[in-house]
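Here are my notes on the model, as numbered points. Please read them with the structure open.

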Amino acid sequence: MGTCLFLLIWSLHADGVHLLQIQNILILLVYGFGLGMATTPLANTILKRVPTASAGTGSGLFTTFMYIANALGVALISILFSFSLHASFAEAGLSDYVRAFSVSAAVCGTLAFAAFGCICMLKGERK
């Protein structure tokens, strides 16, 4: 998923005007597929460790923390995007938006690689 974000940054810097090019659509398709393939097994892995008697509580807590994390992530990335824009939304040009999106996507990609590294370290400890 992190690789897809960096490929999207490269593609937008190459041609930021034509967003609906086939390579951008394919990159986002692979990103969405990877996100879907990672989220469900992650939820199953987490909830598998919850005792059967506490399954409802565990599922509720997991869902609550997932929504809180999503909301905080969107808020923080939005703040980063706005800060990276260096102009008001009305005055910013296309190059400003491409730069701000690139900074935001690079941070998301770096966090995706960091999460992958953490998951790999957890698998190593379990063996």
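1. The crossing of α1 and α2 is left-handed, a word used when the near helix is turned anticlockwise from the far one by less than a right angle, whereas clockwise is right-handed. Helices here are DSSP runs (H or I, at least four residues), numbered from the N terminus.

2. The model is predicted: local features need pLDDT of at least 70, side-chain atom pairs count only at pLDDT 80 or more, and totals for chains, interfaces and linings use all residues. Residues are numbered from 1 along each chain as its sequence is written, and side-chain values use heavy atoms, with hydrogens and water left out.

3. Helix α1 covers residues 2-14 and helix α2 residues 22-48; their axes lie 9 Å apart at an angle of about 165°. That makes the pair roughly antiparallel (over 145 degrees). Axes are lines fitted to C-alpha atoms over the stretch in contact, with angles from 0 to 180 degrees between N-to-C directions.

4. On the α1 side, the contact (heavy atoms within 4.5 Å) is made by C4, L5, L7, L8, S11 and L12, and on the α2 side by Q23, N24, I27, L28, V30 and Y31. By class, nine of these residues are nonpolar, three are polar and none is charged.

5. C4 is buried, at 11% relative accessible area (buried is under 20%, exposed over 50%, partly exposed in between, with a 1.4 Å probe and protein chains only). C108 is partly exposed, at 30%.

Terms used: Helices (H or I, at least four residues) and strands (E, at least two) are DSSP runs, numbered from the N terminus. Angles under 35 degrees count as roughly parallel, over 145 as roughly antiparallel, 65 to 115 as roughly perpendicular and the rest as oblique. Ala, Val, Leu, Ile, Met, Phe, Trp, Tyr, Cys and Pro count as nonpolar, Asp, Glu, Lys and Arg as charged, and the others, Gly among them, as polar.
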